[in-house]
Amino acid sequence: MSDSINIALRFALYLDLMLLFGLAAFGLYSLRGQERVSGAQLPFVPLLGTTAMLGGLLSLAAMACMAWAMSGVSDWAELWPHIEMMVFETDVGLSWTLRIAVLFLAGVAVTLNRRWPTASLGLVMLGGAVALATLAWAGHGAMDEGTRRSWHFITDFLHLWAAGVWVGALAAFALLLRQAKPQLPVLARTLTGFETAGAVIVAVISVTGVVNYLFIVGPSVEGLLDSRYGQLLALKLVLFAAMLVFAALNRFHLSPLLEKARQTGEHDVAVNALRRSMVLEFSVAVIVLGLVAWLGTLSPEME
């Protein structure tokens, strides 16, 4: 039961912190000037404020769950000393404390959006990036030592940030398309602008994914599918390939279709097609994050 709760909390934290970081980043690299004000294009204040607060609550629950699993006690009076020990005497606890602090600062920064939208999103993105990076201390990289540990963490950070930008962009496009009358010039511009960013994201995720595999399993695939870890990893790769297919469909078919529709004025078909594609791609991304949360609790179980 504790394993299921741990996986669920890990998944919720991955999704929440990626949305916090990715949505703020989207506002900076895709939107311009007053478009970054909450409500002009995206409801940044309620979205980012909620994810920052929820990230803090999920982190509290995750720490309590970890202490419960490691100590075996369930009474709060007995559990509290174990939580204190983990928070103040372990690397996981230090990273957790840092996450709580930057999430609080991100929550404060959100309130500045209407006065200083660009600075507000920049601070939220920075806080989200740090908070997202702290999740690496609950992964396989924390089991390494020395230089190998440092390089594994760097790879994890890049993997998490690239995935966060992708998830945040998918959520942003879904929200833009959800409007009854999407602002087609902004939508078309942001879709076109994301093409370069999307290519970089795919490259970073692919390279860091391979490097992470080498760190965790090694330069071999023999017998990998005999373990649950290997089976889940294979499923994750299949779903990642499906996301690439959706991305290619958006890039080479649906985005040009939207641009053509802008010229003819008949944009309903293009917008509805984009809505379906973004919802499906985001749904696949959520499943992938669930698999990542599960994989982080497993060992490859290979010789």
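Colleague: Is the crossing of α6 and α9 left-handed or right-handed?

Modeller: The model is predicted, so local features need pLDDT of at least 70 and side-chain atom pairs pLDDT 80 or more, while totals for chains, interfaces and linings use all residues. Residues are numbered from 1 along each chain as its sequence is written, and side-chain values use heavy atoms, without hydrogens and water. The axes (lines fitted to C-alpha atoms over the stretch in contact, with angles from 0 to 180 degrees between N-to-C directions) of helix α6 (residues 146–178) and helix α9 (residues 268–295) come within 9 Å and cross at roughly 145°; helices are DSSP runs of H or I, at least four residues, numbered from the N terminus. With the near helix turned anticlockwise from the far one by less than a right angle, the crossing of α6 and α9 is left-handed.

Colleague: How many charged residues does the contact of α6 with α9 have?

Modeller: The contact (heavy atoms within 4.5 Å) includes W166 and F173 of α6 and M278 and F282 of α9. Asp, Glu, Lys and Arg count as charged. Beside twelve nonpolar and no polar residues, the charged ones number three.

Colleague: Which side chain meets R189 in a salt bridge?

Modeller: A salt bridge requires a side-chain nitrogen of Lys or Arg within 4 Å of a carboxyl oxygen of Asp or Glu. At 2.7 Å, N to O, the partner of R189 is E35.

Colleague: How many residues apart are R189 and E35?

Modeller: R189 lies in helix α7 (residues 184–216), and E35 in the loop between α1 (2–29) and α2. The pair links distant parts of the chain, and the separation in residues is 154.

Note on methods: Helix = DSSP H or I, 4+ residues; strand = E, 2+ residues; numbered from the N terminus.
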